[in-house]
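Please read this short report alongside the sequence and the 3D view.

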Amino acid sequence: MLVNLGPSHPATHGTIQVIAELDGETVKKADIHCGYLHRGFEKQAEHHNYHKIIPYTDRLNYCSSLNNNFAYAATVEALLGIEITPRCKYLRTLLAEYNRIADHVTCIAATVMELGAMTAFLYLMTIRDYIFEHLNHLTGARLTYSYVRIGGMARDLPEGWLERLEEILKFYERYIKRIHGLLDRNRIFIDRTRNTGVLSTEQALHWGYTGPILRSTGAAIDIRKDAPYLAYDELEFEVPVGIKGDNYDRYYVRMCEMDQSVSMVRQLIKLLPDGPLNVQDHRVVLPEKERVYVETESVINHFKIIMEGIQVPAGEVYLSHEAPNGELGFYLVSDGSGRPYKLHVRGPSFLHMGGMHTLLEGYQLADVIATFGSMNMIGGECDR
Amino acid sequence: MAYESIKTELNGLFENAGDSFGMLVLELAAENLLPLVTRLKEEFGFALFLDVTAVDYPERQPRFEVVYHFYAVKHNKRLRLRTRVPEADPTVATLTRLYGSANFMEREVHEMYGIKFAGNKDLRPILLYEGFVGHPLRKDYPIDREQPLVEYRTSG
């Protein structure tokens, strides 16, 4: 029998279609169809200047827009040969880890809700909402921040932001304990997630898996450790790994990663230096408003950056960051003009969907929901 | 394993070796792709096939460049391969026999650029829909050309 799940199904967060061929309740064959959220990111990027692409990158993984923002900005900055200021470097690292917590919380919340755990869902969503409100205070948006600028950030931290951050981290710790209590040894949760959707390291690599899914199979592969970018080489953190690579391990790896992120955020609060946030580079950073009003040179500078866009030297670069879902890579080809000649995104979710049928086949139809949840498929970065 | 040993041992399978921000870049003829990648995977540990995409240069001959990225997990090294294919016969060998991840990514490059992956049996559209005309990421596809699957409703 053929069962069609999606593209719009209450138990799949995200528009995706799974056509499952069943024998009794066992999935014999699964065919994954994605693309329902395709909006031509790469085509749009070729027609926009470098700053105007930033809002598009927000909408890749919209649960952790800052991570996408920073990866994109780092790619452009690499071609420009810009080194960001120390304050900007530490602040980006801090915000990347902070947003990672929000992303993992969302993933776990959605997964457990689909398995019927409403209390855990509400606790986790409370944490997420605190984080989103807090980021809203900083960036002016709850989800799609567009906070980065090439060579810096849109604005500095508001008054009292770091104090509130510590309050939220304490709140997180109190609530995440409850989640551990509710789920870790919960009979129903274990029955649904243990030994379902099992993945080996070889299989994971074969299908191009990265991030928490790859680490849940026991492989400690993490770009933050293997090729440290931003300020990661100065931080102390561990790379949590799983044992079996099943749905339970994927849940637990994400829980442990959030604890690591909290520890990193605390280290970064201490490390965060004072000083300028944006680089002093007329090619990329807008002149101060006061000067634009009184100096001809600054008006021209402002005009050229806005109208022509920043001019990125010809060349090509592939740069990847460890996004919450895995390796988020940007491949940028510039012809020296104000717009990218080609901007390609390697979205981790797209590859995760490419191999998901192997995690569904041989299991029960009900396991599709648990497995799909633990993959954390994000339509924005899958379909681009 | 250093990049140097790749360059010396695989000499002959590629035409040019370069460096891009610390990453080894090999340019090669399309027919050498499969033998080269097979050896990269088996002898040099490039177990993770990260990415494949294409770049369209309408004024160049051959027109398309197909770009691959790989990661050697054990050695923590990344590698880029570049090959050129002409518009008349934009064909490269599929990597689906070596990597499962090639499946979805090749489908995407196929629909977006019209690159043919010889040996890939499943080149159905993936982000677009069946019946979509043309290849939207080619430079000669206008950004404002619309092909709605369902006709737009007009008022009145």
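## Helix packing in chain A

Helix α6 (residues 161-183) of chain A packs against helix α11 (residues 247-271) of chain A at an angle of about 160 degrees, with the axes 11 Å apart. This is a predicted model: local features need pLDDT of at least 70, side-chain atom pairs count only at pLDDT 80 or more, and totals for chains, interfaces and linings use all residues. Residues are numbered from 1 along each chain as its sequence is written, while chains are lettered from A and ligands numbered from 1 in the order in which they are written.

Helices (H or I, at least four residues) and strands (E, at least two) are DSSP runs, numbered from the N terminus. Axes are lines fitted to C-alpha atoms, for helices over the stretch in contact, and angles run from 0 to 180 degrees between N-to-C directions.

α6(A) and α11(A) are therefore roughly antiparallel to each other; that term covers angles over 145 degrees, against under 35 for roughly parallel, 65 to 115 for roughly perpendicular and oblique for the rest. Their crossing is left-handed, as the near helix is turned anticlockwise from the far one by less than a right angle. On the α6(A) side the contact uses A:Leu162, A:Leu165, A:Leu169, A:Tyr172 and A:Ile176. On the α11(A) side it uses A:Met258, A:Val262, A:Val265, A:Arg266 and A:Ile269. Contact here means C-beta atoms, placed from the backbone, within 7 Å. By class, the contact of α6(A) with α11(A) has nine nonpolar residues, no polar and one charged. Ala, Val, Leu, Ile, Met, Phe, Trp, Tyr, Cys and Pro count as nonpolar, Asp, Glu, Lys and Arg as charged, and the others, Gly among them, as polar.

α6(A) also packs against helix α5 (residues 118-139) of chain A. α5(A) and α6(A) are roughly antiparallel to each other, and their crossing is left-handed. Residues in this contact include A:Tyr123 and A:Ile127 of α5(A) and A:Ile168 and A:Tyr175 of α6(A). The contact of α5(A) with α6(A) divides into 16 nonpolar, four polar and two charged residues.

| Helix pair | Angle | Axis distance |
|---|---|---|
| α6(A) and α11(A) | about 160 degrees | 11 Å |
| α5(A) and α6(A) | about 165 degrees | 9 Å |

## A sheet in chain A

Three strands of chain A form an open sheet in the order β1-β2-β3, with antiparallel pairing. Strands pair if DSSP finds at least two bridges between them. β1 (2-5) and β3 (26-33) of chain A are at the edges with a single partner strand each, so one side of each has no neighbour in the sheet. The twist averages 20 degrees from one strand to the next. Four bridges join β1(A) to strand β2 (residues 17-23) of chain A. A:Val3 has A:Ala20 of β2(A) as its bridge partner. Helix α16 (residues 365-375) of chain A packs on the sheet and touches β1, β2 and β3 of chain A.

## Chain B and the interface

Chain B has three helices and seven strands. From the N terminus on, its elements run α-β-β-α-β-β-β-β-α-β. The C-alpha atoms of chain B fill a box of roughly 70 × 30 × 30 Å, taken along the principal axes.

How many residues of chain A are in contact with chain B? There are 31, and they meet 26 residues of chain B. The side of chain A that touches chain B has 13 nonpolar, 10 polar and eight charged residues.

Key
Two residues are in contact if their C-beta atoms, placed from the backbone, lie within 7 Å.
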